[in-house]
Amino acid sequence: MNTKQYNYLITIASCQGISSASEKLGISQAALSKFLAEQERILGVKLFVRYRKHMYPTPAGKLYLDAAQNILTVKNSTLQTINRLTHGISDPIRIASTPYRGAELFSRVFSRFSSLFPTVDLSLSEIYSSHQEEEIHRSHVDFAFGVNLHANYSDVCNLPVCREELVLAVPSFHPLAHLADPDQLVSIPIQAFRDTPFILPSQKNNIRIVAEKLFQSAGFAPVIAFESGNGMTVDAMIRKGAGVGFISSRYVKPTAELAYFRLDPPCFEISYLRYKRGRLLTDVERCLLGILIEERLKTPSQELIPGPEIESFLKEVHPQ
């Protein structure tokens, strides 16, 4: 079963462009561009639209990507079932990750892990970060990987792995925009924008959760001009000058339309590994977590949060 083309398309969507996707896939930009053009010719529809130097799935592209991810999931499940029948594999290691981006991360982890432990089964559940701790607490999954800390259960360990800074994108005509420096991010307190309309993602969005905590600690409720579950719509509204908004630092690009500020104090979206507190991890599980960490760090602008547990997991992947 040759599913290479599906992985190519999912990687383009995840990286939001040909250049970074080709680097991650280890093929040339020209070859990947030619592949995409050929796929769109065969299907008779555009799969991606380019907006502000990034590529986003069209409605048809989103349908195709969802189907591609389902096909890859079925393929992995089939291979695992075959292994179970031929090698007598025990119960799978159950992992939870956030939908879409988490699934793309898992596909890379699965490929590396299965090459090292072909008789160990993995299963993936797509669960939003806000519900992962409960799933660990109820023993529905063994491990979870997501962002933001809720700490609702004392028996769940939330191990911080890496962080990504969130910055404030401000329309260029905003009264404070002139304070920005195009060469380096200038720090500014969020209170300076307490009377400015904000463009925010929907309440389940991870960035929105971080933003709400930031507003709470700053002691004010924001003026919300617009909110949406569609990230591209939020980005477009910010660029049209409808308000200020939070974006991941990886998306900071020089533009005449926007000024960018680092928040004072800095604001981060933190990724966590989650599992039952006191769980005795096997060497196989520790290697799996090490691979998860390494693959997560391949995402641009992710900064490792060092610690003895993190180092021990990474050593399992590359033993001396």
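Modeller: Five of the five residues of strand β5 (residues 143-147) are buried, so β5 is largely enclosed by the rest of the structure. Here, buried means under 20% relative accessible area, with exposed over 50% and partly exposed in between, using a 1.4 Å probe and protein chains only. Strands are DSSP runs of E with at least two residues, and helices are runs of H or I with at least four, numbered from the N terminus.

Before going on, a word on the source: this is a predicted model, where local features need pLDDT of at least 70, side-chain atom pairs count only at pLDDT 80 or more, and totals for chains, interfaces and linings use all residues. Residues are numbered from 1 along each chain as its sequence is written, and side-chain values use heavy atoms, leaving out hydrogens and water.

Now look at the two sides of β5. Phe-143, Phe-145 and Val-147 point one way, while Ala-144 and Gly-146 point the other way, and all are buried.

Next come the neighbours, where two strands pair if DSSP finds at least two bridges between them. Strand β3 (residues 93-97) runs parallel to β5, joined by three bridges. In that pairing, Ile-95 has Phe-143 of β5 as its bridge partner. With strand β11 (residues 258-276), β5 pairs in the antiparallel sense, over five bridges.
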